[in-house]
Amino acid sequence: MSYVDEILASVKTKNAGEPEFIQAVTEVLESIRPVVDAHEEEYRAAALLERMVEPDRIITFRVPWQDDEGKWHMQRGYRVQFNNAIGPYKGGLRFHPSVYPGILKFLGFEQVFKNSLTTLPIGGAKGGSDFDPHGKSDAEVMRFCQSFMTELYKYIGENIDVPAGDIGVGGREVGYLYGQYKRITNSYESILTGKGMSFGGSLIRPEATGYGLIYCTNEILKMNGQSLEGKTCVVSGAGNVATYAIEKLQQLGAKPVTCCDSTGWIYDPDGIDVDTLIEVKQVMRARLTEYKKRRPNAEYHEGKGVWTVKCDYAFPCATQNELDVEDAKALIANGCKGVFEGANMPTTLEATKYIQEQGLLFTPGKASNAGGVAVSALEMSQNAERLSWTREEVDKMLLRIMTDIAHTISDAAEKYGQKGNYVVGANIAGFEKVADAMLSQGVY
């Protein structure tokens, strides 16, 4: 049995109840087979893959909080510090009822390679809680965040682990978390990114993942003789990633016509109106039925259906495994020529394989989704220098990073005889840097 197959079998046995983590590990290890086969003796001797698929540590803690009626509730909090071979742990915090260790292990594992692709000195981590901020008052969210940080603060630091936001953790939550850290430690340091501009945040950070997705996509399309100009695009999600991907698509001449949330989806034949979407989702914190009320030409549909709309390109920007094989078939039947991931692993392994077999362009989230963490790392740099860069400066750096990622994953794929397979290219390019750092630092 090959080294890769041995590790895959072990991961499936040890993590049997964690399908998302198994999926992420399978995708990476299957992609890097050529590299591992070429260095099998060296990697085995250092137990490289065994160490790479096991988090450095998983921290679990209880989070008691009190609602506005005086009733106490208990949630679970987590931080998965996966790998710090190339820099301090870096990765978001997710507050959502679906959060459990398997989800966070998958996200932390993906983060290791995503962060590697940015070329910035940051390792991979992920954390969060099964707390649901939706429908809670600001005071309830504040009390929960303060309780959460009262335990988490022991394990983070600007040279140790620097969390950021993710699903359910936006500017409001980051502000409350940072205030509690400062209150406990009496220290004003860069231990969170995604902060408000008045206390160390970076311009472009809310837009970064969405903008970065489109910058990477635009470069991939150029390399393949295609363009966004005049193209119809379907986008899933209605958070920051989707919203600002839609905005950048419009700036580059494309026409995004869909968005969705957990209850339904919008088709707007005139193109999604970004100002209305921001008002509904970020200001009102309402459902997309409110978008329909403000845009009478738009259609609102319950449930799932974004991938049934005729399009040139698709951008899954909502959550993991939202696009399955049947969705992929519907996209292809409607003329789609490329799928570009804005969320973390939003396409199932089966759908990814099918899309690639049908000859569509496909970029994995660990490459095209890297803009958010890239600007988070730039925020860390600004904080360390006690500087605040202009919007233009940060945007220029983001564009360069995402353009470089497009070429890096393309070159890695071609080097190993898989030209145009950007999944293989992203996994190999991310893996090689982390592997080299781990081998150089010895076994520990």
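**Entry 1**

Is glutamate 50 buried, partly exposed or exposed? I looked this up first: glutamate 50 is partly exposed, with a relative accessible area of 35%. The cut-offs I use are under 20% relative accessible area for buried, over 50% for exposed and in between for partly exposed, with a 1.4 Å probe and protein chains only.

I note the ground rules here: this is a predicted model, in which local features need pLDDT of at least 70 and side-chain atom pairs count only at pLDDT 80 or more, while totals for chains, interfaces and linings use all residues. Residues are numbered from 1 along each chain as its sequence is written, and side-chain values use heavy atoms, with hydrogens and water left out.

I placed glutamate 50 in helix 5, residues 48–52. Helices (H or I, at least four residues) and strands (E, at least two) are DSSP runs, numbered from the N terminus. Glutamate 50 and isoleucine 7 are 43 residues apart in sequence, and their C-alpha atoms are 6.7 Å apart in space.

I then checked valine 53, which is in the loop between helix 5 and strand 1 (57–66). Valine 53 is buried, at a relative accessible area of 7%. From valine 53 to glycine 91 I found 38 residues in sequence and 17 Å in space, C-alpha to C-alpha.

I traced an open sheet of five strands in the order 7-6-11-12-13, with parallel pairing. Its edge strands are strand 7 (255–256) and strand 13 (361–363), each of which pairs on one side only. Two strands count as paired if DSSP finds at least two bridges between them. Strand 6 (residues 232–235) pairs with strand 7 in the parallel sense over two bridges. Threonine 232 stands opposite lysine 255 in strand 7.

**Entry 1: Rings**

A search of the whole structure gave me 18 aromatic pairs. Tyrosine 313 and phenylalanine 340 form one that is edge-to-face, at 5.9 Å centre to centre and 65° between the planes. Tyrosine 313 lies in strand 11 (residues 313–315) and phenylalanine 340 in strand 12 (residues 338–340), so this pair ties together parts that are 27 residues apart in sequence. For the pairing rule, I count rings of Phe, Tyr and Trp (its six-membered ring) with centres within 6.5 Å; planes under 30 degrees apart are stacked, over 60 edge-to-face and the rest tilted.

I checked the accessibility of both partners. Tyrosine 313 is buried, with a relative accessible area of 0%. Phenylalanine 340 is also buried, with a relative accessible area of 0%.

Elsewhere, ring pairs link Phe61, Trp65, Phe95, Phe131, Phe144 and Phe148 into a cluster.

I also looked for charges over rings (NZ of Lys or CZ of Arg within 6 Å of the ring centre and within 35 degrees of the ring normal). The charged end of lysine 195 sits over the ring of tyrosine 178, 5.9 Å from its centre. Lysine 329 lies over the face of tyrosine 354, 5.8 Å from the ring centre.

I searched on a 1 Å grid over the protein atoms alone: a cavity is a set of points where a 1.4 Å probe fits but cannot get out, a pocket is an open set with protein on both sides within 12 Å along at least five of seven lines, and lining residues have an atom within 4 Å of a point. Grid points are joined across faces, edges and corners, and a volume is the space filled by probe spheres set on the points.

One cavity of 30 Å³ or more turned up in the whole structure. The largest cavity has a volume of about 80 Å³. Its lining includes Gln23, Glu27, Glu110 and Lys366. Helix 2, helix 14 and helix 15 (365–368) each supply at least two residues of that lining.

The second largest pocket holds about 260 Å³ of space. It is lined by 14 residues, of which Glu27, Glu30, Ser31, Gln356 and Val423 lie nearest its centre. Helix 14 gives the most to this pocket's lining, with five residues.

**Entry 2: Positive phi**

I noted isoleucine 204, a residue other than glycine with a positive phi near 80°. Isoleucine 204 is in the loop between helix 8 (171–185) and helix 9 (208–223), and counts as buried at 2% relative accessibility.

Arginine 386 has a positive phi of about 55°. Arginine 386 lies in the loop between helix 16 (371–385) and helix 17 (391–415), and counts as exposed at 66% relative accessibility.
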